[in-house]
Amino acid sequence: MKFTKKILEQAIKAMEKLIKRPISSLFHEPLKGVNVEQSGITNRIGLKTILNRLKEGFYHDTYLWLCDVETVFHNVELYYSDVSFEACMAREMRKLFNKERRFLMQYSSSLWTTNMHALRVKLVKYIHAAPSKLKSQIPQIAFAELPKPRQLKFTSHDIQCFQLASEMIENDTENEGLVRVINQSQPDAFQNVTPVSLNIGQLSDATLKSLKEYMSECLRKRNLSYPE
């Protein structure tokens, strides 16, 4: 998605709000130390650098901005152990950033779909928790359970990268390609749900791998790389 003046202003505001959070101080500047490169970190970057890049017009596409922010969080996960306090902070920051970037929903159908599914899951939980005297007034269809997602082998970083890549699949042809890949790899995926309500947790490892390969190819045609 190309940056417009309005989207850029919203992105800068989102970054400024993120940086003001007390938990964000660890992520303001690039990691330093002799062990950084040994940790597999190839792109040292901090949130303040990204904010400056936004203000300077460095990014022409939201995808590159989002990938850089994810790199900041993943660098901390690589540098510290996965069970460390710092890694927990990185996962929390990822959640906070995803909330801050929700303004992109009005421009991205795939991001809207993801948030719509999350909202639907919450709504179903609220409906089931309704007082007994109110349940009789709620249409039975509202009590329909969503398919339970399985436990993913993906890390939060893997899921974020998958989501960022999927948000770049915007035109009808590419979206049809996604559905085709799912149907070929996992024909029963849409048995009880529609593409709009399908969740990543309902897909098999083989399907996710095929989707990643498909999205990587779509991105490659635009001279972009799948986020790692």
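Q: Over the ring of which residue does the charged end of Arg53 sit, and how many Å from its centre?
A: In this predicted model, the charged end of Arg53 sits over the ring of Phe58, at 4.5 Å from the ring centre. The term requires NZ of Lys or CZ of Arg to be within 6 Å of the ring centre and within 35 degrees of the ring normal.

Q: What rules apply to the numbering and to the atoms that are counted?
A: Residues are numbered from 1 along each chain as its sequence is written, and side-chain values use heavy atoms, with hydrogens and water left out. Because the model is predicted, local features need pLDDT of at least 70 and side-chain atom pairs count only at pLDDT 80 or more, whereas totals for chains, interfaces and linings use all residues.

Q: Why is the pair of Trp65 and Phe97 called edge-to-face?
A: The structure holds seven aromatic pairs. In the pair of Trp65 and Phe97 the ring centres are 5.6 Å apart and the planes stand at 85°, so the pair is edge-to-face. The rule pairs rings of Phe, Tyr and Trp (its six-membered ring) whose centres lie within 6.5 Å, and it counts planes under 30 degrees apart as stacked, over 60 as edge-to-face and the rest as tilted. The pair links distant parts of the chain, with Trp65 in helix H3 (residues 62-79) and Phe97 in helix H4 (residues 85-100), 32 residues apart.

Q: Why are H3 and H7 called roughly antiparallel?
A: H3 and helix H7 (residues 156-166) pack at an angle of about 175°, with their axes 11 Å apart, and that angle makes H3 roughly antiparallel to H7. Angles under 35 degrees count as roughly parallel, over 145 as roughly antiparallel, 65 to 115 as roughly perpendicular and the rest as oblique. The axes are lines fitted to C-alpha atoms over the stretch in contact, with angles running from 0 to 180 degrees between N-to-C directions. Among the residues that make the contact are Tyr63, Leu66 and His74 of H3 and His157, Cys161 and Leu164 of H7.

Q: Why is Met105 given its accessibility class?
A: Met105, in the loop between H4 and helix H5 (109-128), has a relative accessible area of 25% and so is partly exposed. From Met105 to Glu167 the C-alpha to C-alpha distance is 9.8 Å, while the two are 62 residues apart in sequence.

Q: What makes up the secondary structure of the protein chain?
A: The protein chain has nine helices and zero strands, where helices (H or I, at least four residues) and strands (E, at least two) are DSSP runs numbered from the N terminus. Of its 228 residues, 43% count as buried.

Terms used. Buried < 20%, exposed > 50% of the residue type's maximum accessible area, 1.4 Å probe, protein only. Contact = heavy atoms within 4.5 Å.
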